[in-house]
Amino acid sequence: MDTLTPAEAAQILGTSPNRVRQLLRDRKLMAVPGSGNGKIPKDFLLDGEILKHLPGLLTVLADGGFSEQEAFDWLFREDDTLPGTPVQALRDDRHTEVTRRAQALAL
């Protein structure tokens, strides 16, 4: 998995590293758990923006009782019925199905 530092993500998003760190704190963006917000998956960005439905999906997962690690693992877990991973489905604009599955998995 390719990752970015907050500075690299900021450059892609056309904002400051401090703004990227605020997006991480606000759960609009997620870093690799345990990386101290130092590694942001490149797959979370597309065309100079955060994936359109990622912030909402992160909220659904958190509200559903997922820990940060569980949410991260689920986002990158292969699912033959999608097919691919939930992140890839978001990148392919198949967010409705991904959100529906996240809601169904709520604890």
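Student: In this predicted model, where is the place of Arg27?

Tutor: The structure discussed here is a predicted model. Arg27 has a positive phi of about 60° although it is not a glycine. Most residues other than glycine have a negative phi. As for its place, Arg27 belongs to the loop between H2 and strand E2 (40-41).

Student: Does Arg27 count as buried or exposed?

Tutor: The class follows from relative accessibility, with exposed meaning over 50%. Arg27 has a relative accessibility of 52%, and therefore counts as exposed.

Student: Which residues lie nearest the centre of the largest pocket?

Tutor: The largest pocket has a volume of about 250 Å³, and H2, H3 and H4 each give two or more residues to its lining. The lining consists of 14 residues. Those nearest the centre are Leu24, Arg27, Leu29, Met30 and Glu68.

Student: Which element gives the most to the lining of the largest pocket?

Tutor: The lining residues divide into 9 nonpolar, 2 polar and 3 charged. With 3 residues, the element that gives the most to this lining is H3.

Student: How do the residues of the lining of the second largest pocket divide?

Tutor: This pocket holds about 150 Å³ of space. Its lining includes Leu46, Glu49, Ile50, Leu90 and Asp93, and strand E4 (49-50) and H5 each give two or more residues to that lining. The division is 4 nonpolar, 2 polar and 5 charged.

Student: Where does Asp93 lie?

Tutor: Asp93 is among the residues that line the second largest pocket. Its phi is near 60°, a positive value in a residue other than glycine. Asp93 counts as exposed because its relative accessibility is 54%. It lies in the loop between H5 and H6.

Student: Which residues have the most contacts inside the largest nonpolar core?

Tutor: In soluble globular proteins, nonpolar side chains tend to be buried together. Here the largest nonpolar core has 31 residues.

Student: Which residues is Leu54 in contact with, leaving aside its neighbours within four places in sequence?

Tutor: Beyond its neighbours within four places in sequence, its contacts are Lys28, Leu29, Phe44 and Leu90.

Student: Why does Val98 count as buried?

Tutor: Val98 is found in helix H6. Leaving aside neighbours within four places in sequence, its contacts are Leu57, Trp74, Leu82, Pro86, Ala89 and Leu90. Buried means under 20% relative accessible area. Val98 therefore counts as buried, its relative accessibility being 1%.

Student: What is omega for the peptide bond from Leu82 to Pro83?

Tutor: Pro83 is placed in the loop between H4 and H5. Most peptide bonds are trans. The bond from Leu82 to Pro83, however, is cis, with omega near -15°.

Note on methods:
Residues are numbered from 1 along each chain as its sequence is written. This is a predicted model: local features need pLDDT of at least 70, side-chain atom pairs count only at pLDDT 80 or more; totals for chains, interfaces and linings use all residues. Side-chain values use heavy atoms; hydrogens and water are left out. A nonpolar core is a set of buried Ala, Val, Leu, Ile, Met, Phe, Trp, Tyr and Cys residues joined through side-chain atoms within 4.5 Å. Buried means under 20% relative accessible area, exposed over 50%, partly exposed in between (1.4 Å probe, protein chains only). Contact means heavy atoms within 4.5 Å. On a 1 Å grid over the protein atoms alone, a cavity is a set of points where a 1.4 Å probe fits but cannot get out, and a pocket is an open set with protein on both sides within 12 Å along at least five of seven lines; lining residues have an atom within 4 Å of a point. Grid points are joined across faces, edges and corners, and a volume is the space filled by probe spheres set on the points. Helices (H or I, at least four residues) and strands (E, at least two) are DSSP runs, numbered from the N terminus. Ala, Val, Leu, Ile, Met, Phe, Trp, Tyr, Cys and Pro count as nonpolar, Asp, Glu, Lys and Arg as charged, and the others, Gly among them, as polar.
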